[in-house]
Amino acid sequence: VRFPEDLEDDNTTFNPEYSHQVFGDDEVAFGYKGLKILLYYIAGNLSTLFRIGYTSKVNEKFDCVEADDVESKIREIIPPGFCTNADDFVSLLEKEVNFKPFGMLLHTYSVHNEEAGEDITYQIYKADMTCPGFREYHERLQTFLMWFIETASFIDVDDERWNYFLVFEKYNKDGATLFATVGYMTVYNYYVYPDKTRPRVSQMLILPPFQGEGHGAQLLETVHRYYMSSPTVLDITAEDPSENYVKLRDFVLVKLCQDLLCFTPGKLMQGFSQEMVMEAQQKLKINKQHTRRVYEILRLRATDMGDAEQSRSYRLDVKRRLIGPYKKKQRELAKMRRCLRPEELTNQLNQIDLNMQHEQLEESFQQLVSDYRRVLERLAQA
């Protein structure tokens, strides 16, 4: 909500992707007809208005059942101090002009908005719990995780090893410059013996109204650049990354790596090398596993897949990596042959069909190439 009229504007409304963490695996609130749970957030500081509406509700006296206590379920998620009537909320909205982003400005960029016919400016900040007012703001911000990340949980903000990176949109209202929250990322700095840290991306969310505009890539690249300048950082990783995050990371890392000397077309065609691992790790804080994916994507760009020899060479190179888990299974099988009785061994053998392995390997390869092509297409447009 940026203007009072946004309270009645359905165009500013978006729905949750998940509600199982609040309403159980069936995502059902029992005992209501026409139930509407409405959460309004002021665009910048995220002050909250909470309302519930419904056309009818089961009556304990007559129906002998009790409706779910929806309000208490929501209250468990949103921090205290929220509004319950629109007048209080609008009066807070009038003070929004005083809201400024928290922490240190890291990056400013603009995105052309077709609808508005103009470039809109965005900024990325790094904050921590020592910033005045940030703790309360973060409590409101993290409520979005429950609705948009399937396995989300709230973090321990008293642990000083957390870093917070925030994206804001700059906009004008009555001649003043205001800021709207776009998204954020939390990163935990793990200790690596003897004197390094390994920042691990824990949570990342771009709010639905801003998705598809490239903010996730801007945020991830900015975070990488922030840690790249630190001599104590070993490499940057992510906790339990989603498929979408992996695709985003592929794009950002390939963009960062493509100008490194070790990734010239001539060197790519010679195969994956220790030189690539060293240069990507030292200059860009990228670990070996992620560097290997970058190599495969850039080698695909350098490969003429219409040329039978080049195509075959590329396919074999990628499949040699993909076959790793299958080889591990075969080593386990060799152990079983030494340890298991014949009938037990037959049982295990039935689960490891070689033909099936080849089919799965080819399927994995084709899926990977399809994902890599999408990264290269996006890179060509960047």
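Colleague: What makes you divide the protein chain into domain 1 and domain 2, and where do the bounds fall?

Modeller: In this predicted model, the chain is divided into domain 1, residues 4-96, and domain 2, residues 100-300, with bounds that come from an automatic or database domain assignment. The C-alpha centres of the two domains lie 31 Å apart.

Colleague: How do you know which residues belong to the contact, and how many does each domain give?

Modeller: Contact means heavy atoms within 4.5 Å, and the contact takes 24 residues from domain 1 and 22 residues from domain 2.

Colleague: What area do domain 1 and domain 2 bury between them, and on which atoms?

Modeller: The size of an interface is often given as the accessible area lost when the parts come together. Here domain 1 and domain 2 bury about 2,100 Å² between them, with 67% of it on carbon and sulfur atoms. Of the area that domain 1 buries against domain 2, Phe14, Tyr18 and Leu46 supply 28%, more than any other three residues.

Colleague: How many salt bridges and how many polar contacts does the rule find across this interface?

Modeller: A salt bridge needs a side-chain nitrogen of Lys or Arg within 4 Å of a carboxyl oxygen of Asp or Glu, and the rule finds 0 across the interface of domain 1 and domain 2. For polar contact, where the N or O atoms must lie within 3.5 Å, the rule finds 9 residue pairs, both residues being at pLDDT 80 or more.

Colleague: Which elements supply the side of domain 1 that touches domain 2?

Modeller: Helix H1 (20-23) and strand S2 (36-41) each supply at least two residues, and H1 gives the most, with 4 residues. By class, that side of domain 1 has 14 nonpolar, 8 polar and 2 charged residues.

Note on methods:
Residues numbered from 1 in each chain as written. Predicted model: local features only at pLDDT ≥ 70, side-chain atom pairs only at ≥ 80, totals over all residues. Heavy atoms only, no water. Buried area = accessible area lost by both parts, 1.4 Å probe. Polar contact = N/O pair within 3.5 Å; in protein donor to acceptor, adjacent residues only side chain to side chain. Nonpolar A, V, L, I, M, F, W, Y, C, P; charged D, E, K, R; others polar.
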